[in-house]
Amino acid sequence: MSASPQAQASAKASFKFPFWAQIIAGLVLGVLFGWIARSQDVSWLGTTLEKTGDIFVQLLKLAIAPLVFFAILVSITNLRKVDNAARLASRTLLWFMITSLIAVGIGIAIGLLTDPGAGTGLTAADGKEPKKTGSWIDFLTGIVPTDIVTPFTELKVLQIVFLAVVAGIAALQLGSKAKPVLDLAEAVLELLQKALWWVIRLAPIGTIGLIGTAIATYGWELIGKYATFTADVYIGCALVMFGVYPLLLATVAKVNPLQFFKGAWPAIQLAFVSRSSVGTMPVTQKVTERLGVPKEYASFAVPFGATTKMDGCAAIYPALAAIFIAQIFDVQLGIKEYLLIAFVSVIGSAATAGLTGATVMLTLTLSTLGLPLAGVGLLMAIDPILDMMRTATNVAGQALVPVIVSAREGILDKEAYASASASPLDEPAPAAAETAEPEPVAVPA
């Protein structure tokens, strides 16, 4: 007697190799292949790993410019479907700032306790100025583009965000006249997200290339030389992600912290591998919705967070890096400098703009403190290894804040939150949920 189609589908699903397991396998194989390429001097293997990682990152970057524009545009116009939209937006921004302040405080505390620049053997002569730098003048003038095409061709994400915000506000002002444009924008966004999902499915292969290249190029010797600083970044990010965030979920949102990580883990692990908050954005938005955040609000908060909410890259890392560089260059930092680090982390975090690496944010911090920009060169080699943990922390925070705000405003679906566990790549959303007409979300006054 043959099994029913439902039973066959269930059996097939039970033998499916979960996406998280594919990522772990990619990490293990990447470390193994990288070690072989370096220890056995297998040049072709090193080249293959490098090209594999480069292609994966390039595929992610290919979608970033249009994805950011249409995601921000649609997210702003989606606020018209939410009651008390201004209140939700302001609460979101407030919690972005609160969590950034906590993160930068932890970064400064760890740096003061461990002296990451001591005993490295590095000197000022080992540093060199980066090609890309940041200052407050560059940051402020760089927001407004000189033309419409350049931000997309040169991937200037902050300028793309500016254009999208202007277009979104204009569409809201036009009302029904802008409906054909908004319908097109939503269709293009869905198309881009579908294409990006195909790229995301290649993440296990990309993981092999990216991790393998890091090991083959830098080896364990470099990590040893920067052991204290590397440990500081990972410990700082871990304290924020697994200490501060659960505490806020338990006390402020009054929800189970373990359930949050169960639901958000697919986005966190992809962020660790891809090192791109924007590239991870479709996954972040899906897991945030599955955690019970209303779709209309999530479609605003997640894209907004993916370009401005950077607890890892813009808070913990620049705080530790500034202390590290100050020690190498024998510059004393005082209370004023530490307050400036906190200020830059909260106000200037948009400078990172969801891309891999945090060089612009670091140079912005150093220039504000008056520290030598040549210090950035000391950290460039170790940056890919640090960026994995930084980006994972970024994305965890980008999913956390919408959950906190939704819970505080009484619009969080507690049943959905309690049942959120499946990876979005393993279990597609029901078709009915995709086609249903969204209802306005009421926010208590």
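This is a predicted model: local features need pLDDT of at least 70, side-chain atom pairs count only at pLDDT 80 or more; totals for chains, interfaces and linings use all residues.
Local features require pLDDT of at least 70 and side-chain atom pairs count only at pLDDT 80 or more, while totals for chains, interfaces and linings use all residues. Residues are numbered from 1 along each chain as its sequence is written, and side-chain values use heavy atoms, with hydrogens and water left out.

Two packed helices are described by the angle between their axes and the distance between the axes. Helices are DSSP runs (H or I, at least four residues) numbered from the N terminus. Axes are lines fitted to C-alpha atoms over the stretch in contact, with angles from 0 to 180 degrees between N-to-C directions.

| Helices | Axes come within | Crossing angle |
|---|---|---|
| helix 3 (residues 43-78) and helix 12 (residues 277-290) | 9 Å | roughly 65° |
| helix 3 and helix 13 (residues 295-308) | 8 Å | roughly 140° |
| helix 14 (residues 312-328) and helix 17 (residues 383-408) | 9 Å | roughly 130° |

Helix 3 crosses helix 12 in a left-handed sense; left-handed means that the near helix is turned anticlockwise from the far one by less than a right angle, and right-handed means clockwise. In this contact (heavy atoms within 4.5 Å), Leu60, Ile64, Leu67, Val68 and Ala71 of helix 3 meet Val278, Gly279, Met281 and Pro282 of helix 12. The contact residues comprise 8 nonpolar, 1 polar and no charged. Here Ala, Val, Leu, Ile, Met, Phe, Trp, Tyr, Cys and Pro count as nonpolar, Asp, Glu, Lys and Arg as charged, and the others, Gly among them, as polar.

The crossing of helix 3 and helix 13 is also left-handed. Val68, Ala71, Ile72, Ser75 and Asn78 of helix 3 meet Glu296, Ser299, Phe300, Pro303, Phe304 and Thr307 of helix 13, a contact of 6 nonpolar, 4 polar and 1 charged residues.

Helix 14 and helix 17 cross in a right-handed sense. Gly312, Cys313 and Tyr317 of helix 14 make this contact with Asp383, Leu386, Asp387, Arg390, Thr393 and Asn394 of helix 17. By class, there are 3 nonpolar, 3 polar and 3 charged residues.

**Aromatic rings**

The whole structure holds 9 aromatic pairs, where rings of Phe, Tyr and Trp (its six-membered ring) pair if their centres lie within 6.5 Å. The ring centres of Phe229 and Phe324 are 4.9 Å apart with planes at 45°, so this pair is tilted; planes under 30 degrees apart count as stacked, over 60 as edge-to-face and the rest as tilted. Phe229 lies in helix 10 (residues 227-253) and Phe324 in helix 14, 95 residues apart. Phe229 is buried at 0% relative accessibility, and Phe324 is buried at 0%; buried means under 20% relative accessible area (1.4 Å probe, protein chains only). Ring pairs join Tyr226, Phe229, Tyr317 and Phe324 into a cluster.

Notes
Helices (H or I, at least four residues) and strands (E, at least two) are DSSP runs, numbered from the N terminus. Buried means under 20% relative accessible area, exposed over 50%, partly exposed in between (1.4 Å probe, protein chains only).
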